[in-house]
Amino acid sequence: MSEIINIAGYNKYSTVDWPEKIVSVAFLQGCPWKCNYCHNFTILEPCKKGGLPFEYILDHLEKRYGLLDGLVFSGGEPTMQKGLYQAAKKIKNIEYTVGLHTGGAYPENLAKVLPLIDWIGFDIKATPRLYKNITHNSSALDNAKKSINLVLNSNVDVQFRTTIDPTVMKPADIKELQKWTQNLGIKELVLQEVRDMGVNEQYKKELQNLQSQNLLTK
Ligand code: SF4
């Protein structure tokens, strides 16, 4: 039987992927972007088979009913997968809430699944000028802007956040980012420090070099 979504991994228990909720997290295979600091770069290739059956997740959630608050679709970029709507519907059918981590790379698929989503962790990558320097994708900014608009015009609970890549963004860029997001209508933008855990070796060296020069943004 072919799977409705391609799942690369599954975390059965997390308290950090949806604020104030205890959730399981499904990591979906594939992402069109190549962010410098990606710590999931081993699952970015979209055609690779993830190998974990969706039934396994449904079965686990049903057994833990009452102990977990919901399921988060993370990635990779979950909206890359056409079957996301169907998968989210199945999670709702067993009476779980659904969270979504996205950078907004696929606004059309996001629009389709949005009515089924209870909470979104939306990653804004940078100021418009620097979007491509982080994602290495020329359509990333346009798609992210469309997706941000969709989310802002929906009733879905959302946390907008930015991981600050100190190899690209400097303090003045952070100020520019805050101004831009405020102008878009985003009331709060959570800034996160980049972690070197799981990033590729070259990027890790760049970070260490910056640390030794004491240039890391705090
Ligand atoms: S959007 Fe997320 S999964 Fe995709 S490359 Fe960037 S950090 Fe990695």
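This is a predicted model: local features need pLDDT of at least 70, side-chain atom pairs count only at pLDDT 80 or more; totals for chains, interfaces and linings use all residues.
Biologist: Let's start with the ligand. How many nonpolar, polar and charged residues make up the shell around the ligand?
Modeller: The residues around the ligand include Cys31, Cys35 and Cys38, together with Trp33, Lys34 and Asn40. Leu44, Gly75, Gly76, Glu77 and Gly103 are also around the ligand. Sorted by class, the shell has 5 nonpolar, 4 polar and 2 charged residues.

Biologist: Is cysteine 31 buried or exposed?
Modeller: Cysteine 31 lies in the loop between strand S2 (23-28) and helix H1 (54-63). A residue counts as buried if 20 or more other C-beta atoms lie within 10 Å of its own. Cysteine 31 has 24 such atoms within 10 Å, so cysteine 31 is buried.

Biologist: Which residues is cysteine 31 in contact with, leaving aside its neighbours within four places in sequence?
Modeller: Cysteine 31 and serine 74 are 43 residues apart along the chain, and their C-alpha atoms are separated by 11 Å. With the neighbours within four places in sequence set aside, the contacts of cysteine 31 are Leu44, Gly75, Gly76, Glu77 and Met80.

Biologist: Which two residues does a cis peptide bond join?
Modeller: Most peptide bonds are trans. Here, a cis bond has an omega of about 10 degrees. The cis bond joins glycine 75 and glycine 76.

Biologist: Now the backbone of glutamate 20. What is its phi, and is the residue buried or exposed?
Modeller: Most residues other than glycine have a negative phi. Glutamate 20, in the loop between strand S1 (7-14) and S2, has a positive phi near 65 degrees. Because glutamate 20 has 6 other C-beta atoms within 10 Å, this residue is exposed.

Biologist: And where is glutamate 95 found?
Modeller: Glutamate 95 has a positive phi of about 65 degrees although it is not a glycine. With 9 C-beta neighbours inside 10 Å, glutamate 95 counts as exposed. Its place is the loop between H2 and strand S4 (97-102).

Biologist: How many residues of S3 are buried?
Modeller: Gly70, Val72 and Ser74 point one way from S3, whereas Leu71 and Phe73 point the other way, and all are buried. Leucine 71 touches Val23, Ser24, Ala26, Leu61, Ile91, Tyr96 and Val98, not counting residues up to four places away in sequence. S3 is largely enclosed by the rest of the structure, because the buried residues number 5 of the 5.

Biologist: Which residue in S3 is the bridge partner of serine 24?
Modeller: S2 and S3 pair in the parallel sense over 5 bridges. Within this pairing, the partner of serine 24 is leucine 71.

Biologist: What stands opposite phenylalanine 73 in S4?
Modeller: S3 and S4 also pair in the parallel sense, here over 4 bridges. The chain crosses from S3 through H2 to S4 in a right-handed β-α-β crossover. Opposite phenylalanine 73 stands leucine 100.

Biologist: Which residues does aspartate 69 touch, not counting those up to four places away in sequence?
Modeller: Aspartate 69 is found in the loop between H1 and S3, and with 18 C-beta neighbours inside 10 Å it counts as partly exposed. Its C-alpha lies 12 Å from that of aspartate 17, 52 residues apart in sequence. The residues that aspartate 69 touches are Lys21, Ile22, Val23 and Thr97.

Notes
Residues are numbered from 1 along each chain as its sequence is written. A residue is near a molecule or strand if its C-beta atom, placed from the backbone, lies within 6 Å of it. Ala, Val, Leu, Ile, Met, Phe, Trp, Tyr, Cys and Pro count as nonpolar, Asp, Glu, Lys and Arg as charged, and the others, Gly among them, as polar. Helices (H or I, at least four residues) and strands (E, at least two) are DSSP runs, numbered from the N terminus. A residue is buried if 20 or more other C-beta atoms lie within 10 Å of its own, exposed if 12 or fewer, and partly exposed in between; C-beta atoms are placed from the backbone. Two residues are in contact if their C-beta atoms, placed from the backbone, lie within 7 Å. Two strands pair if DSSP finds at least two bridges between them. A crossover is right-handed if, with the strands pointing away from the viewer, the path from the first strand over the helix to the second runs clockwise.
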